Amino acid sequence: MLIDLTDTNASKVSAALLQARLRAGSPTMGMVLTFVVVTDEANHEQAMADARTVSTEHPSRILGVIRGARRGRPRLDAEVSVGQGASGETVLLRLSGELVDHAVSVVTPLLLPDSPVVVWWPTDAPQDPASDPLGQLALRRITDAAAATRSRTEILRRRSRHYRPGDTDLAWTRLTPWRALLAAGLDQHPVRITGATVEATHGNASADLMAAWLRCRLRVDVELRTSDGPGITKVALHSRHGDIALHRPDGRLADFTIPGEADRPVALQRREVAELLAEELRRLDNDDVYQDAVQVLAMSGRGSKRKSAQVPPSESTAPTSVRVAKQTSTRRSSKAPTGKDSTRKATSS
Amino acid sequence: MSLGSNPLRDPQDRRMPRIAGPCGLVLFGVTGDLARKKLMPAVYDLANRGLLPPGFALVGFARRDWDDEDFAQVVHDAVKEHSRTPFREETWRQLSEGFRFVRGQFDDGASFDRLRETVEELDEARGTSGNHAFYLSIPPESFPAVVGQLKDHGLTAGNGAAWRRVVIEKPFGHDLASARALNNVVSEVFPAESVFRIDHYLGKETVQNILAFRFANAMFEPVWNSNYVDHVQITMAEDIGIGGRAGYYDGIGAARDVVQNHLLQLMALIAMEDPASFEARNLRLEKEKVLSSVRIPDRLDLHTARGQYCAGWQGGQKVIGYLDEDDISDASNTETYAAIRLDIENRRWAGVPFYLRTGTRLGRRVTEVAVVFKRAPHLPFSQTSTEELGSNALVMRIQPDEGVTLRFGAKVPGTAMELRDVNMDFAYGGAFVESSPEAYERLILDVLLGDPPLFPRHQEVELSWKILDPIVDWWSTNGQPEGYSSGSWGPPSADEMLARDGRVWRRP
């Protein structure tokens, strides 16, 4: 059931939704959230397709917001669809003129009552998502540093300074299988980790986060090296007995190394955006571990991390951990950007 | 450093999936249908979802004259045809390095020597660290032989912290005595916490959905008792016949096949009190309490029914009757439909009958639990306006579309005051690219993680047989089951059985 509305308003869209739902035989019962996709004319098809895929696991009302040109008189066009292979309702909203700056006024009346709102910026996102008018509506704000079209290298670091509980980035989601395997490696071979190396393409946001997470959890220096990719190509945890490492040169199959044992192949393919979103939506509470990692990232100044690669080897054993521990405690006691830090436990491992 | 202090782990980090530790799975009965259609694809799907350890090993044991490559080919074909997630070469490479095949027979000691060598070689080459699960996908008659051999060849105990586990499929015996005998065989060799009984009909997801529905909500529990509930109907219907299962099915029948484990487990979950926690032990305790308060009817002739499907039409296809199936004797009195009434004697459920029914070749494939409520004590409407109004019901649909249906009365639009039943539906999300796990995936992962909460322990199996044995015994001395036409909802005696109590079966 498809309904096209031109030059319309939110209450007409609401009425169209109701009409479409009734005509399609109410296939939308049990929607659990409103999923707002903020996109543009060039990217909306892929983004909406991904959102619809996710709605098979998390039935939702998808509101695609396309911000058009600011020129001309304010105007709203809408496409309402119910059924059509997705398990929820989809509304594509095209905003133009002055209305571009007042998307909230369109979205607010269309939110599902009494259920969570998630906003996703598939490409470029505001630097401070939580202060964005649409972001303010949301319990969860999903950005994707890797998909940004402008200044990709520093975007996550800059955004991390504005971190608020509920912010999340797909660059972090992409790390989950890596993190799980590294943790499993350390389960199998519980050794003291003295340092770590992360290898990735230049300016890879996931690599920055991986380094921040390792630094935060292991309290060691993490060296970031540039490789030709794709994405992250290697993460190694150094110990006296050798490395626990994941080496993935082709973006698909990794070698898993554990001290004293033969290397093993392990599938570690890069995941589709829809899969990443599904993981994101599975939990809507604050991701404390991400918060820790992002705050470490925010504390590290521009490029300071690259310098750590040049720390002489003599310094990177015992004294390093002392220095890093100090840095961590500074982070704890300094005023955290979220203001929530004081409620967290003082040490994390 | 102990495992608990892995600095990369944080209880807050709920995003991180639980990957099984280093381990291997030894599969007996690799040539069977179950292994090819369910177990091998489930192993692959687990690997594809990144939940198996990098050094995972899969050992096949069978009589065939295969080497490791042949076995890998069999797994490959099974995975390609039946796996849920897309086939990926890199996942396959990760898995296939750990494939081994041991040619042997259950009564041949040398075969088990080879199995032992293979397992030890895997510990060395793949780092499985002595952790192995034995999946007995074989007929129960062979259990004693295999379990005995495992023991004799030192395969049942790992060194130090290494674990050995055994997985057995239903049926867990065919009556109380055989269940006990089977249990003795297994428990002599494996401690209770290492024995995993698997009832694939009752996936963990379903059990957890029921628990969440009952115990996470405030609005259902107050009416979940004999003050409001009139009766409960638990149905599991298959639209297909016994097909190629003749050898197993004949002489076993619907009650032993489905009621003993599946329906009684469902009943226990629906009827039990809230457990102190969702830990394995506490859940079992509550289920056992329910099962031990069950009373079977005094008059089995009035409150049970059984049937056998006859030739007819099912879903647009002409089908043969049970007695005409291959390998079934013309005089077989095995039932393909069973319905029984059970009462639970406790404060919550006294006076609320539980009707359990199951059958093959019924109207459609469906499993559901319907809690039917009492009529409102007073209806301030005229007789004519409530004529079409039935009882309120809460239906937990288990398959095929898992969800909850609430049935209640509503006014028909118009000037006349006319009331009619309407349904409110909720469906669990479900099918997604790679996330909604198949029952076997969760089962195997639980075994590898050592996470047994929802598997029945032996006490529950025994209690179930105690309920069912007298009924099945009585049937066996009372001639032929009543015929019912294929594609219908069972024999007339089943309808009469409910009519005696003034009730009717829901059409599921």
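This is a predicted model: local features need pLDDT of at least 70, side-chain atom pairs count only at pLDDT 80 or more; totals for chains, interfaces and linings use all residues.
Good morning. I shall begin with the interface between chain B and chain A, then turn to the division inside chain A, and close with two individual residues.

Let us take the two chains. On one side, 35 residues of chain B take part, and they are in contact with 51 residues of chain A. The size of an interface is often given as the accessible area lost when the parts come together. For chain B and chain A, the buried area is about 3800 Å². Carbon and sulfur atoms give 57% of that area.

What of the charged pairs? The count between chain B and chain A is 8 salt bridges. For an example, please look at B:Asp10 and A:Arg217, whose side chains meet in a salt bridge at 2.9 Å, N to O.

Which elements of chain B give two or more residues to the side that touches chain A? They are helix H3, residues 89–96, and strand S17, residues 419–427. Helix H3 of chain B provides the largest share, with 4 residues. By residue type, the side of chain B that touches chain A divides into 13 nonpolar, 10 polar and 12 charged residues.

I now turn to chain A itself. Chain A is divided into domain 1, residues 2–168, and domain 2, residues 173–344. Between them, 29 residues of domain 1 are in contact with 31 residues of domain 2. The two domains of chain A bury about 2700 Å² between them, and 63% of this lies on carbon and sulfur atoms. Three residues deserve attention here: A:Arg140, A:Arg157 and A:Tyr163 supply 27% of the area that domain 1 buries against domain 2, more than any other three residues.

How many salt bridges does the rule find across this domain interface? The number is 3. The side chains of A:Asp144 and A:Arg174 meet in a salt bridge, at 3.1 Å from N to O. Polar contacts are found as well, in 7 residue pairs across the interface of domain 1 and domain 2, with both residues at pLDDT 80 or more.

Several elements of chain A each supply at least two residues of the side of domain 1 that touches domain 2, among them strand S2 (33–39), helix H2 (44–54) and helix H5 (152–160). The largest share, 6 residues, comes from helix H5 of chain A. That side of domain 1 divides into 13 nonpolar, 6 polar and 10 charged residues.

B:Asp13 is found in the segment before strand S1 (24–28) of chain B. Is B:Asp13 buried or exposed? B:Asp13 counts as buried because its relative accessible area is 6%, and the cut-off for buried is under 20%. Leaving aside neighbours within four places in sequence, B:Asp13 is in contact with A:Arg179, A:Trp213 and A:Val289.

The second residue, B:Asn183, lies in helix H6 of chain B, residues 176–189. B:Asn183 is also buried, with a relative accessible area of 15%. Again leaving aside neighbours within four places in sequence, B:Asn183 is in contact with B:Glu188, B:Arg197 and B:His458.

Thank you for your attention.

Conventions. Residues are numbered from 1 along each chain as its sequence is written. Chains are lettered from A and ligands numbered from 1 in the order in which they are written. Side-chain values use heavy atoms; hydrogens and water are left out. Contact means heavy atoms within 4.5 Å. Buried area is the accessible area (1.4 Å probe) that two parts lose on being put together, summed over both. A salt bridge is a side-chain nitrogen of Lys or Arg within 4 Å of a carboxyl oxygen of Asp or Glu. Ala, Val, Leu, Ile, Met, Phe, Trp, Tyr, Cys and Pro count as nonpolar, Asp, Glu, Lys and Arg as charged, and the others, Gly among them, as polar. Domain bounds come from an automatic or database domain assignment. A polar contact is a pair of N or O atoms within 3.5 Å; within protein, one must be able to donate a hydrogen and the other to accept it, and residues adjacent in sequence count only if both atoms are side-chain atoms. Buried means under 20% relative accessible area, exposed over 50%, partly exposed in between (1.4 Å probe, protein chains only).
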